[in-house]
Every structure is written in structure tokens, then in C-alpha cells.
Amino acid sequence: MRMLLLTPLLIFGACKDGEPEDTDTGNPNGPPPPPPQVQCDAYEYRGATYNCDNVDRCDNSAENLTYRLACCECDPQFCNPDPNCPVDPELPPLPPPPPEPPQGHSSCMTCHNGAQAGQPKWSGNLLSNPHPFGAAAYLDCVECHGGNGAGVGKDGSHVPTPPEIGNETRLQTDAVAYFNYLTMTGVDKYPSYTVNGTTYEALDWIQFRNPGDTRVTNVGRGCGSTGCHGDEHAAWFAYSPINTEVGFYSATMYTSGAENAMGYNYYWDTAADYSFRPVSDPTWTYTPSEVGRVGGLLEYPEYGQYGQNGGQYIYQNPDYNAAALDNDVHNGTIEAANRLFSGSNLEKLVQEVVTLNCGDCHAGSMGANNRYGDFRSSGCSSCHMQYALDGRTNSSDPNVPRLEPANPDAIAAPERPHIDAHQIRNVAKFIQGGFIRGINDYACAGCHQGSNRTVLQFWGIRLDQNQDVVNNFQYPANPVTFQNTANWEQNGYRLYDPAVGNVTFNGRIADQYLAFEDYDGDNRDDTPPDIHFEKGMGCIDCHGSHDMHSGTKDGPILGVRSHQSQVVGQTCESCHGDIEDYPQTVPCVDYNGQSAECATDRLGNPLRNITRDPQGYFWLRGRVDGQIHFVPLTKDIVDQASNRTHPLTGQLLFSPLASYAMGRIDNDAGNGVGPLQADPNLYDQGFAHTDKVGCVACHSSWTNNCVGCHLAPEYNADPANFFFSNTTGQRITLNFAADFVYQSPVMFQIGVGPRDRITQFQPGMKMFFRYTDLNGDTSNVFAFTDRNENGNNPNVGGRGAFGSLAHNKIMPHSTRGKVDNSNEGPRYCNSCHLNVDMDFNTYAAFKDAYLNGDYANLDFNLLQAVIGQGTNNANNDAIWVHMVSGQGSGLFAFDANGCPVNPLDANANRQFCQNQAPADTFADQVNNIVYDLDKLVEPTGVSNGSSGHPLLNGGQSLNRIGARAPGIAGPLGIDLLERLTNENVGLILDSYIDSNGAAQGNAANYIPAP
């Protein structure tokens, strides 16, 4: 546990001046409250309890590393260098501290660090050195933050706040000022201002607050200064999807069918056009092979400003009346049915919802920054200078209020959240007398809170926004048993901390996050954590500098790319290789400064934490904690003859099931035996799944499908209510609701991803849109078609009668190697293939009804059992395979209002169902179906849905034969659909591995002995 004890601390006189109401102390009547002393004599970390009074900060051995990491997490002081440690000859020496400059210490050093006259910088025992490593080990505060180091006291040293922000009194009375103080969203748009004869730019104050903000680094200041990171990381990061938020801004406009605002028509018309702020790449020329690269992006527009009348603005504008919006989409008589008209009022309303709902997920502001789990900085500092989860600092600066915010679930003016420790983090590193941990997963969780909640999935937690499981309304079936996250403490990752007393994480309570779900009653977790997390790895162990910054020293120039898939270089093969080859390596210098052979990403960039030893084994050094992990290699796992054993345990690495499932059928046991069948007509010589199938298709155990999302902005100009643009920081006249219809971890689909490999897909942007205008009238419900006329364009060009809206390739972070007693494992053969033990009579009856649109005669009770409780196809049913192929199940039909049409859902509170449960209205609505959201593709290979990621090879895919846009990732083509799901002409396996990892049919004759 962690206890806070208040103890007195010396407060230096240099910090006492200024307006009491304009201090950063949280105490208007005197000096700041004394900082708490963190007691770490019984700190719980990853299932063990540590007494940090006994930690040896000078012991760099692997055995002591977890102890040190635990104590660093409890109190960042334990990560600071200990000057009493003897010099470690294996570590680079720290440069000698510079002497006190002739003019004396800066006022920053005196006030915040306590540096005394005649002593070198950072010699005080208060605020810790933020950069105690490398050539910049003794930076002065002003070198990063700006301000006046020669000033007297706070007022003479700090950059004053812009008048639009003002002092604490204004923050408590001016909601616009407080929003921008908290988020920094629109501060860069403020004009210059003069205080005491000195003129400041708003950017000066942003830099003072955060020298890592990308609006600062982009102009060569703060972290982006020449000689710091300006020529490398900061320059790359300016173009990155994390900074631009290009995915949310541009992908939404592509999906809605609006014309590209930049006029680009590249890459199957999927090129990006919008960003948080304008971006320009002067080095760009259109090169088709650089898939997704563009020369610039526009700032996302804002039309909802409060008090801004006339023209295109929404405030008091009758042109935005609900009834008029029907004219803003193409009608159904032309090919482009339901595409947004560019420049229309409906397009502007869609854009407003994006900035309201998703527009704070970029590095150009501090995000919402107002509740537990969401506190963060902006730019580089978002990751490299982590905020405390509860917003209450653990730094040793006496000038920071210790109990702010008072309520970590809901910050209140004039409060602000604070950093956890005043220490820059990147990768774990030992320095003389100290250990600095790397960026942990909590830094990622604050932003990666999209529909799949990627980081939480990595931890084995699923979001259930509507609390359907707790209320026994989970669709299509409730799990047999489940556990919420209220008391969940696996591996030290906990959302609700009893020491803090928070009741929300990212604004959600424990019943909305589930730690365990067992849908089929086998006592195994159907939503288990990723095996990499289970083994002690963190997000940055895979996603390093290249993936995060969109660039690597001496690597390819990526520029501005349109989608994340065009930037991420890390693949499973980067670490594990494939069935025939070990991972590629290049000479490198590892994180210990030693020459080594490093693995590479798909772009050839060295992965400095993954190295090959002289025996050919690969090892990963944890970037978060410095721990060493053995990396199993696919070739060793499928090759029985090699007799390769684990170098630490001596256990044989060969896996018979892996050899059968992944191996190649070519009589060469060195690359596995392959999925042999008794009937030789069922396979081709030389076949291996790994030629066409991506690792994630089988090895990701679950993903959180969000099927149907209602976005419902409403006009609200009530002077008492305040809503803000996440792009400009302005007060706007719109509020909104974003409601999921169904979320389920059970079903999944496969399709063809950007790398032209079969992978998992997920419903994406299944958006139903409606608007309530200034008269209180609500528009019809809209669902859109993309620029390639897919998504909601039924009965045109071979498409089916029902649109399925949008779907995309996803990288589920739920990798599992095998089924075990506690957790479900990968997708085995019967998840995607028909086999001889399936009931084809029932399957034929299902297809006859479903493919003919006879939803009334579907056996929904069977569908509920097969799919709702059929995790990883435990029921061995052909209907499951039909769903997985993307051809639909019948479970996700919706009417014109986006209300589900089925006889199973008894929840009368389903979104936009007029307070009537779908089960009660099914008989009346079954003939009014307009959308079928999991029927992604027709048996011909023609897509019913929208996908926006072009193939990275720039060409067309043989895996998508029949598709109208074969150069874009999307559903399977006709050949694959028939092979997987056609019981008359496709493959019906006579040998397979079932969902429990057991051999069935004749498979035991071909799976090698262990």
C-alpha cells in the first residue's frame, strides 16, 4: 500500500512573491503545502510486497531489478541517482556537473531544486533532475522551459499567463479560460500580449508549461531545439499519426463519402486530408510506391462557434434545420447513394461530431485531462513525462500542490493535474547510482481508449460500455460467469486504486470493465490478457522509436502518411521469424552500448532491444523494466529435427500442433509437416498457411466488436451550458451523445489486410448519425457510403440488399500461444474451416433462409448458442465459419433508425429503439431491415461495406477476386469464400484441430509426436 505523510519542508523565499490568487501552490493564503513523504515499506507490485527501505539502489543485478522497479513505481525518488553508490565500471560515467555559473544559479534552480550558492546545478535535494543521463545530464530549466532564469521570484522568472487564461479567479468564473488552461487546445491561437513591458507570444507560455508540446517543437524550440531532438525525433513526430490524428479526422470523411478536401485522389482515393493543425511536407512528390504519403494536411474546420452568426456557422442558423439535411446526401437513384455532398451542412455536422467525440486524441493538446486515467501532457511529454494516474504529483518539487486535484474522478477549476515524477522516460536504463524505468503502459492507455480499448485488451480487460453483462443483457448471450474490475490486481495493473479512492477509469466505473468472461462454461477466460503482457512485457517493447515517431535515424523518410498501417514497422515476424527463416538482423549498437546483431522491422530499421546471441538464440531486453526475455522462434517451434531447446529451461521448443497448423506440406520436416488430410485432394503440395495468413488471424484470441454506434449531436446554445471544440478550444453550440449498440468479444471476421495477408477484421465506423436542431427537431438517421461507393449502397454493382457500413483490419492485442487451463487460446482450424463433423443439413437451411433475406425463419436460438456461446467455435459449427468469413450471421440486422431487429434482445433501452426491446418488435420489424452489419461481403466477393486502407504493395490482391476496389484491404475474395464456406465445392477438412487444441478426424495420424 502507499501512504502519504505530511512533513515540513523548507520553502525558499524566492518563491513567495506574486498575487496570492495567481500562484501554483493551491494555497492562496501563504506558502505551498508541504509535500507528502511517500511511505513505501509495504508496497504491492506485481503480486509481491516490497519494503523499499531495504532496496539496494547500487545493485544492478537482474535479481534486484524487479525490487528496484517496484520502488521506483512507489516513489520516483528511488530512481534518482544515488551519489553514495560506487562507480560501476560497466556503465558509462556521468559527465562531471558544471560549476555554478558566475552570475549564480538560475532562480529556477534556487526555488525548485534548492541549489545552494557555490554548488553545481542539480545539487539540491528538492526537484529531481529530469534528464540525468547522456550529454544533457545537467540542463538548466530555462534551456527547455524558457522563462527568465535571472528573474526575481515567481513573477520575475515565469512566463506570465495569457490574458485569455488569467489568474485563478478567472479560471473559476470563465469556463473557456479553464478549458484551455487544462487542455492547452487553443492557446496557440491567442495573440501576443505584453506584461510589465515585455511582449510574449502564446507559444512562450505553452513552452513554459510544456517544452515538449509539438506546437513548440515544430518551430525548433524546447525538445525540438537544434542539438536536442529537433533534427530527428521532433521532426519525424510532426508528421506522425499520433501528432496529426489523421486517422480519425480523415478516415471519417473518407467513410462518409465527402470529397477529399486537399484534392488528392491517390491510393484508391484514401489519401488523408485533415489534421489537428496544418501540416506541410516540402520534400513530398507523389510516388505511387510510397503508399499513403501526402504533401500536406488541412486544419480540421470548426463551424460551431458560440455567438458566431451567419454563413456556414451553426449558431442560430435555420439552414441547419433537421428536415433540410435530407438534401445533403446523394439519393438512391445514382451509384453514389448516401454519399455526403461536400460542403453541405450535414458534412459540417459530421465534422463537428468528430472534433467533439474524437478530436482530443492527438499530441497537439493535453486531451480531456480532467479525470483519473486521462491525465496527460501534450506532444513529446505525453509519453516521455508521464502524469500521475490520479493527477497528484509524486515529484519532490515543494512548489507543487500535493492534493490537487481534490477529486481525481472530476477535476475542478482552478485545479490542474501534475506529472508523476520530474523525470524524462524513454527506455529503461541504468545510470551511475540510479535506474530509470521506461515508459509504462499507463502512458498509452490514456489515449488508446478507442472502441477496442487496445491497451486494456492487452491487459485482458474488455469495455462493456452499456453494462450489458452486469444487467444480463449481453447480446447475443450472456457469459456463464464473469468478473468486473473492481478488485482486479493482476500483475499490478489496476484501474481502481483503493489508496486513491477513484471510482472511475477514463470516466467509466468497474461494472463497465470486465476482467474475466466465460461464455461457454469451460472455466477459461474468453477475454484473456495478451501473452506478451502475461510474460512481463509492455507496449513499448514492440512499439519503439520508429513506430511512435514515424521515423528512425538513417531509416526511410516516411513523411505524412494517411493511416497507421503505413507507418507501423513492427511485425510478428520481426521478432519470431517464420517457418523457414529466423528473424532478419543487422549490425547495431544495443541499448547497453554494445555492438550486436539486432532484429529489424519490416522497413529494415534495427530493433535495438532484440538481439541474436552467438548460438542463434534471440533475446528481448524489456524497454520498460530492463528485464531479459527469451524470444521463441517460429522455425524452432515447427522443426522437430532441430532439437532446439530453451536455453534457460532445457525444454524442447518444438510444438506438434504448431508444426501441423503452420508448417508447409512439402515432405521437408524442417519447416513443419503442414495440415495434411486423409484425402490428398484437399491440399496442394507446397501449401502453408503462413504464405497468405497473417499471424494475428489465428493467434489473437478475442477482440471487442462494436456493432452499431449512434452519434447524435444536438444544438445547445443555453448560456448556462458550455461545450468546447477539441480542435480550436472555442466554446461551441453543440453537445453530443455517442452510444454503442452492441459490444461483444465473441464473434470475429477475417479479411485481407494492407499487407495483402488474411487477418482479423472488426466493425469500424458502423455509424448512425442524427441531429437535433435549434427547434428541438431531430433529423432522420443517416448512414453513409465512402468515396469508393461502398458501405451503404445496396443493390448496386452486385452488392446485396443491405449495407454493412464500415469495417477495417485490426491488430487485436490479445495474442495467445495455446489454450491452457485458465485461458482460451488461438483460433484453431474449426474457427475458419468446414470439417466432416459439422451438421451441413442445418447449415444449408441457415444459408437458404439467410441468403434469401428470410430473417423471420432464421433459427435465432441456434445462432445464440453457436455464436453467442461459441467462443473460438467451441461448438464446431458451419454457421460460425460463415460468420467468420464475413458473409454474416443474421444476428446484426438493423432498421432505418439503427435499431436492432432480432428476437433475442430484451433490452428496452437499446439506442433509438423508442423504449421498446428489439425482441418485442421483431415480428413487426423483420420486414423493415435496412442494414446487416456483419454481412461484409457477398458470396461473389463484392463488398457490402466500406474499408479505407490501401494495400501497401500498391497493387491488386489475388486474395480479393471479385472486389470492386481490389487495391484496398477488405473482405475475402470469391475464391477464398468458396474454399472456406461452400460445402459443395469448398474444402471440408477430414483432419483438424478443434477449439480445445485436440486432434480430430485423422489429424492424430499426421501431428508429430512431441
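In this predicted model, the torsion about the S-S bond of C588 and C598 is about 60°, so this disulfide is right-handed. The two sulfur atoms lie 1.9 Å apart, and the link joins distant parts of the chain, with C588 in strand β17 and C598 in strand β18, 10 residues apart. C588 is buried, with a relative accessible area of 12%, and C598 is buried as well, at 0%.

The search of the whole structure finds five disulfides, and another of them connects C40 with C74 at a sulfur distance of 1.9 Å. With -90° about its S-S bond, the link of C40 and C74 is left-handed. C40 sits in the loop between β2 and β3, while C74 belongs to helix α1, 34 residues away, and both cysteines are buried.

A disulfide also joins C58 to C85, and this link is left-handed, with -85° about the S-S bond. C58 lies in the loop between β4 and α1 and C85 in the loop between α1 and α2, so the pair ties together parts that are 27 residues apart in sequence. Here C58 is partly exposed, at 33% relative accessible area, whereas C85 counts as buried at 12%.

Notes. Residues are numbered from 1 along each chain as its sequence is written. This is a predicted model: local features need pLDDT of at least 70, side-chain atom pairs count only at pLDDT 80 or more; totals for chains, interfaces and linings use all residues. Side-chain values use heavy atoms; hydrogens and water are left out. A disulfide is a pair of cysteine sulfur atoms within 2.5 Å. Helices (H or I, at least four residues) and strands (E, at least two) are DSSP runs, numbered from the N terminus. Buried means under 20% relative accessible area, exposed over 50%, partly exposed in between (1.4 Å probe, protein chains only).
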